[in-house]
Amino acid sequence: MAGYRLETTLKDFVRERVVESYRSLRGAPPTLWFNIRLNDNPQFGDYSANLAMLEAKAQGLVPRTLAQDIADEFVRRAGSEGLRAEVAGPGFINVFLSPERVQDSLRALLQAGEGYGTWELGAGRRLQVEFVSSNPTGPLTVGHGRQAVLGDVLASLSARLGYAVEREYYFNDEGRQVDLLAESLWIRYRELFGETREIPEGGYQGEYLKDIAAAVRASVGDGFAEFDESARTTFRHEAVSRISEGIRIDLETLGIRFDQYFSEGTLHRDGKVAEALAALRRVDAAYDKDGAAWLRAEHVPGGKDSVLVRSDGRPTYLLVDIAYHINKKERGFARVIDVQGADHVVEQACMKAALAALGFPPDFLGYAVHQFVSLKEKGETQRMSTRAGRFITLRDLVAEIGPDIVRYFMISRKPEAHLEFDLDLAKSQSLDNPATYIQYAHTRIASLFRKAGALGDGLAAADLAPLRSPDDLALIKKLDLFPEIVRAAGEGFAPHLLSEYALDVARFFHGYYDRNRVLGEADDVARARLALLRGVQLVLGQSLGIFGMSAPEEM
RNA sequence: GCGCCCGUAGCUCAGCGGAUCAGAGCGUUGGCCUCCGGCGCCAAAGGCCACAGGUUCGAAUCCUGUCGGGCGUACCA
């Protein structure tokens, strides 16, 4: 699949021409990055550039004069192609494109097909997205759901940028937490025999262990009267494997599949943890104090010297995690994205400090950090707490409103903002629901094509000349934004940019479709409009695909 | 106390490498069905962009401070 080339988007076409004009005028390229904006208001042309105002300030020139000079040069060079430029306001260069040039963008889109909005920035290098990574101690909550969808969508976006992407789930299947889990499960098991015991400090209180206990009894029988070594081993295995399987199913129902489940235990068994510490000591990033080994991270913003090995000799989570990241590098990943909750920011700074000390490239590891989720129902907001047993499982939520809607809501807010999940809106099947609204636009177009029959074939070669109304051209210019939105969403870990965009395209489509008749018009007009709507369908379909939502032909 | 994130329309939120953006969805009010799926469209009302200073010809956007909310600040993971 050929990558869609940057130069063919209209905005970049305009940028290039403006830069050329500036260079020819000033004898040097612009010194600053400037904005090209797509205008809603046709009075200001199709696109506006703020180049003159920025450069004038930097170089002590008069903005409007510089803008006029650039605009004149622009017209001199490109006027024969039907391009115009005007100066307005404090020094904007407003560019007007010919309908033919705008139509070119649609033609390129149709020819690129599903390759529209793909890039080759990653050049096929391997990129890993690690997410969820919840330890198998309980069911996934709605909070995990946000991370799951965010990670999955970032993986899809990274693939669009040209990386060879792998999704990985990191989990701990041994150690103290798992022992506590095993013991908690065993206590629930003993309750089935009428015994009453206290769940230990730091143990797991959740109801879900009662259900598992019953299943375990059916499978291992009635032995294990004491929590001895044999019981520990058995219950540890039962707890981890049953809960892991539950998690896997939960993710599956959301349409998420991992390429790799990575066990923390292997790092210990293979001596990788000790190696990591040795490596840190070699570069003087670790030191000893109070009988423990510490990481130097005070110099990093938000960082803090932290314990790597406790005074009793056990490594901390941080050291193991550092070993894990060394392992990622050794496995050949060029880049790694870790999706994490906002409660991990200090650890993230420490990790960055450690990897920097070990000589990793600064862009090797990127953190996609997200805030938490609260649920709103019937106007009331509830905060969830796993500890207090007050949470809604991801499974229940998906069962109630379906994976598509859950996915849309989870990525429609910027990750670093708190997400208030509006259950009533999510449950609504009608136009109120933005997810449904976008899918419906796709469906309407699919329906139109069913009706159009052969008229809708071979549209990549259609004559687009009839598309010259402001309505036609505005829609094409919106579709033209898709590649850059994909790029910004992927590079900035910001899927919400794409969901906003898709909603905007869907909204514009519905209005356009109301104002413009397609079938029944003269064949050349109908063909041209079908071509345009094919473009809309493609962009919406690709967007929904990136979100992991279905793009239905019928609803 | 310190660190990070967030304060924009009644509600949920975009915009934040400055100007030609005060925006969307929901909610409210009022219109549009001999018409390709009305699960649609159009319009109105509604905001001192938390507050106070500063930088700038120009600030929702950058800087400083204050006030609110969240999360951290473990030899937990």
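Mentor: Rings of Phe, Tyr and Trp pair if their centres lie within 6.5 Å; planes under 30 degrees apart count as stacked, and planes over 60 degrees apart as edge-to-face. Please keep in mind that this is a predicted model.

Trainee: How many aromatic pairs does the count come to by this rule?

Mentor: The count comes to 19 aromatic pairs. One of them joins Tyr408 and Phe409: the ring centres are 6.1 Å apart and the planes stand at 75°, so this pair is edge-to-face. Both Tyr408 and Phe409 are buried.

Trainee: What kind of pair do the rings of Phe509 and Tyr513 make?

Mentor: Their centres are 5.2 Å apart and their planes lie at 25°, so Phe509 and Tyr513 are stacked. Both belong to helix H19 (residues 496-515), and because they are four residues apart there, about one helical turn separates them.

Trainee: Which residues do ring pairs link into a cluster?

Mentor: The cluster consists of Phe131, Tyr169, Phe171, Phe258 and Tyr261.

Trainee: Where do charged side chains sit over rings?

Mentor: Arg84 lies over the face of Phe96, 4.2 Å from the ring centre. The charged end of Arg515 is placed over the ring of Phe508, at 6.0 Å from its centre.

Trainee: How should I read a salt bridge, and how many does the structure hold?

Mentor: Side chains of opposite charge can pair when their charged atoms come close. The structure holds 38 salt bridges. In one of them, the side chains of Glu20 and Arg77 meet with N to O at 3.5 Å. This pair links distant parts of the chain, for Glu20 is in helix H1 (residues 10-26) and Arg77 in helix H3 (residues 63-78), 57 residues apart. Glu20 is partly exposed, with a relative accessible area of 28%, and Arg77 is partly exposed at 38%. A network of salt bridges links Glu20, Glu73, Arg76 and Arg77.

Trainee: Are Glu130 and Lys328 buried or exposed?

Mentor: Glu130 and Lys328 are both buried. They form a salt bridge whose closest N and O atoms are 2.8 Å apart. Here too the pair links distant parts of the chain: Glu130 is in strand S5 (residues 126-130) and Lys328 in helix H11 (residues 317-330), 198 residues apart. Consider also the salt bridge between Arg281 and Asp288, with closest N and O atoms 3.2 Å apart. Arg281 is partly exposed at 37%, while Asp288 is exposed at 54%.

Trainee: What span should helix H7 have?

Mentor: At 1.5 Å a residue, the 13 residues of H7 (residues 208-220) should span 18 Å, and the end C-alpha atoms are 18 Å apart, which agrees.

Trainee: Which residues of H7 are buried, and which are exposed on the other side?

Mentor: In H7, the residues Tyr208, Leu209, Ile212, Ala213 and Val216 are buried. They cover an arc of only 130° around the axis, which means that they are on the same side of H7. Asp211 and Ala218 are exposed on the other side. The cover over the buried residues of H7 includes helix H6 (176-191) and helix H8 (229-253).

Trainee: What is found just after H7?

Mentor: Gly221 follows, with a positive phi of about 85°.

Key: Residues are numbered from 1 along each chain as its sequence is written. Chains are lettered from A and ligands numbered from 1 in the order in which they are written. This is a predicted model: local features need pLDDT of at least 70, side-chain atom pairs count only at pLDDT 80 or more; totals for chains, interfaces and linings use all residues. Side-chain values use heavy atoms; hydrogens and water are left out. A salt bridge is a side-chain nitrogen of Lys or Arg within 4 Å of a carboxyl oxygen of Asp or Glu. Helices (H or I, at least four residues) and strands (E, at least two) are DSSP runs, numbered from the N terminus. Buried means under 20% relative accessible area, exposed over 50%, partly exposed in between (1.4 Å probe, protein chains only). Rings of Phe, Tyr and Trp (its six-membered ring) pair if their centres lie within 6.5 Å; planes under 30 degrees apart count as stacked, over 60 as edge-to-face and the rest as tilted. A charge sits over a ring if NZ of Lys or CZ of Arg is within 6 Å of the ring centre and within 35 degrees of the ring normal. The expected span of a helix is 1.5 Å times one less than its number of residues. The arc is that of the directions from the helix axis to the C-beta atoms. Contact means heavy atoms within 4.5 Å.
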